[in-house]
Each structure stands twice: as C-alpha cells, then as structure tokens.
Amino acid sequence: MDKTIKKEYQEKEKQEMKLIEKLQRRRFFCEADAKEVLKEKTSKLECLTITEAKLISKPKYKTKGRPKSDAKPDYYEYYWVIDTKPTKGYIEQKQNQKSGLFILATNDMKLSEKELLDEYKSQQRIERGFRFLKSPEFLSDAMFLKNPKRIEAMLMIMTISLLVYAALEYRIRSELKNKNKTFPNQLGKPIQNPTARWVFENFFAIHLLILNNQEQIVGLEDKHRLILELLGGTYMGFYGINGGRGAE
C-alpha cells in the first residue's frame with residue numbers, strides 16, 4: 001500500500017507543479033483578477049503548500065520603442081512568482097485514510113497470525129495460476145468432454161500442469177535472486193520476478209535445425225542460456241549446451 005500511495009503522491013505532485021507553472025506564465029490586466037485566480041487555482045492543492053506568492057506589476061506602453069523617462073504607462077500587466085514546498089504529512093494522512101481492519105478466520109489452530117496472513121495473501125498467486133489455465137494459449141477451450149471420468153482426468157492433468165508451472169516459476173525467481181541475476185521483461189527492463197509464461201514466450205523463437213544430418217540449435221540467446229543455467233544441467237542438455245545432462 002505504501003508504494004501505491006507514494007506513486008499517487010508523485011503523480012499528483014507533478015500535476016500540481018504544472019498548475020503552478022501555468023499560473024506563473026499567465027498574465028493579468030487587473031490585480032483583483034490575479035488574486036481571484038490564484039485563490040481559485042490553489043485552493044485544492046494537496047501535495048504542495050505555497051510558502052510565498054508575489055504579484056509583480058509590469059508597466060506596458062502602446063507606443064513603439066523605448067518609452068520616455070517621464071512617460072506614463074498605458075496599463076499594467078500582472079503576473080505571479082510563486083514558491084512552494086511539499087505538504088508535510090500528506091503521505092501519512094493518506095495512509096491513515098486507507099488503513100482498515102478485516103477479519104481472517106480459520107479452523108487450523110496451528111497457524112500463527114503471520115502464517116495465517118501469509119496464507120491469505122498467497123491466494124492471489126493461486127488465482128493467477130488458474131487464470132493462466134483459462135487463457136487461450138493453454139487451449140483448454142479446444143477440448144470438449146462429456147464423460148465425467150474424462151473431465152476429472154482433464155482437471156487432474158491441468159492441476160498437475162499448474163503445479164509444474166508454479167514450481168518452475170518459483171525456481172527461476174529464487175535462482176535469479178540468489179545469484180543476483182536479472183531477466184528482461186516485456187519493456188526490456190531487468191527484473192528478478194518474471195512469470196513462467198513470459199519465459200516460455202521468450203523460448204518460442206528457438207528451433208532445431210537439421211542440415212546435412214547435423215543438428216543445430218538456432219535462436220539461442222544469452223537470456224535463454226541464463227535461464228537454462230539457473231535450472232541446471234538437465235535443462236541445458238536439452239538445448240545442447242556444454243555441461244548439460246550429466247551435470248545433474
């Protein structure tokens with residue numbers, strides 16, 4: 001929740017900074033109008049506090065060129081010079097507003113309070129896994145079964161597949177963190193928590209080329225080698241990498 005609030009604060013602070021900058025660029029022909037607009041535009045500031053607001057008046061002349069020393073200005077133009085500072089306690093206030101209480105109940109009396117909360121939060125990962133099973137890439141909607149036994153068998157296979165998927169994802173993430181390595185995400189940003197699905201997609205471009213009865217792996221990049229090395233020799237052997245198969 002702290003990250004969410006800080007992100008909201010940063011976005012809102014940017015918007016308020018733009019509002020202040022726009023207000024300082026604005027020119028007024030009346031001192032009263034300038035004060036009224038300042039009050040209206042800054043009354044809803046949350047992230048910034050105005051420490052000082054100076055109203056500067058600038059004489060304007062309708063004649064061309066430099067005016068004479070005794071010439072009276074035809075009118076005055078007004079603009080604001082504003083200093084601000086971050087509003088103290090904004091993040092703490094939002095945290096207090098968003099904080100709340102909820103009840104967790106269980107019949108497993110062996111769980112500690114922390115273990116119970118961790119188990120509750122882990123449900124999200126399980127839901128993500130079942131969402132993956134229902135995605136078009138898994139092709140589960142291409143199977144039409146009527147026999148209850150076959151439906152049960154399909155559910156068992158899907159559950160085992162999800163177990164393997166989750167175990168593989170856990171191992172990849174754990175090894176990346178333990179060895180301080182990263183894997184590029186969809187935007188090319190290095191991360192240590194890629195989904196197994198994203199890793200699978202990265203391996204789609206790898207092919208086995210057979211030329212003159214010689215087998216060759218095509219499309220294998222450093223990022224693929226990294227994942228295979230983290231998973232161990234058996235996986236490396238599947239792709240013909242030295243040290244594979246016999247290493248585990």
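I take helices as DSSP runs of H or I with at least four residues and strands as DSSP runs of E with at least two, numbered from the N terminus. Counted that way, the protein has nine helices and six strands.

Before going on, I note that this is a predicted model, in which local features need pLDDT of at least 70, side-chain atom pairs count only at pLDDT 80 or more, and totals for chains, interfaces and linings use all residues. Residues are numbered from 1 along each chain as its sequence is written, and side-chain values use heavy atoms, with hydrogens and water left out.

**Entry: the whole chain**

I looked up burial, where buried means under 20% relative accessible area, exposed over 50% and partly exposed in between (1.4 Å probe, protein chains only). Of the 248 residues, 23% count as buried. I then looked up contacts, meaning heavy atoms within 4.5 Å. Among contacts between residues at least 6 apart in sequence, 50% join residues at least 24 apart.

**Entry: α6 and α8**

How are helix α6 and helix α8 placed against each other? Helix α6 covers residues 148-178 and helix α8 covers residues 222-231; they pack at about 100°, with axes 9 Å apart. Axes here are lines fitted to C-alpha atoms, for helices over the stretch in contact, and angles run from 0 to 180 degrees between N-to-C directions. I therefore record α6 as roughly perpendicular to α8, a label for angles of 65 to 115 degrees (under 35 is roughly parallel, over 145 roughly antiparallel, the rest oblique).

From α6 the contact takes L168, R171, I172, E175 and L176, and from α8 it takes L226, I227, L230 and L231. I sorted these residues into seven nonpolar, no polar and two charged. For that sorting, Ala, Val, Leu, Ile, Met, Phe, Trp, Tyr, Cys and Pro are nonpolar, Asp, Glu, Lys and Arg charged, and the others, Gly among them, polar.

In α8 I found H224, L226, I227, L228, L230 and L231 buried. The buried residues of α8 pack against α6, β3 (183-184), α7 and α9 (233-238). Just after α8, G232 has a positive phi of about 115°.

**Entry: the cores**

A nonpolar core is a set of buried Ala, Val, Leu, Ile, Met, Phe, Trp, Tyr and Cys residues joined through side-chain atoms within 4.5 Å. The largest has 16 residues, and I172, L176, F183, V199, F203, I227 and L228 have the most contacts inside it. Two or more residues come from each of α6, α7 (196-202) and α8. Helix α8 gives the most, five residues. A second, separate core of 11 residues includes I20, L38, Y78 and I82.

I also listed the partners of L176, leaving out residues up to four places away in sequence: K181, T182, F183, I191, Q192, P194, L226 and L230.

**Entry: E169**

Is E169 buried or exposed? E169 sits in helix α6 and counts as buried, at 15% relative accessibility. Beyond four places in sequence, E169 touches P194, T195 and A196.

**Entry: K12 and the cysteines**

K12 lies in helix α1 (residues 2-25) and is partly exposed, at 26% relative accessible area. K12 and C47 are 35 residues apart in sequence, yet 6.9 Å apart from C-alpha to C-alpha. Not counting residues up to four places away, K12 touches E46, C47 and Y90.

C47 is buried at 0% relative accessible area, whereas C30 is partly exposed at 30%. I found zero disulfides, a disulfide being a pair of cysteine sulfur atoms within 2.5 Å.
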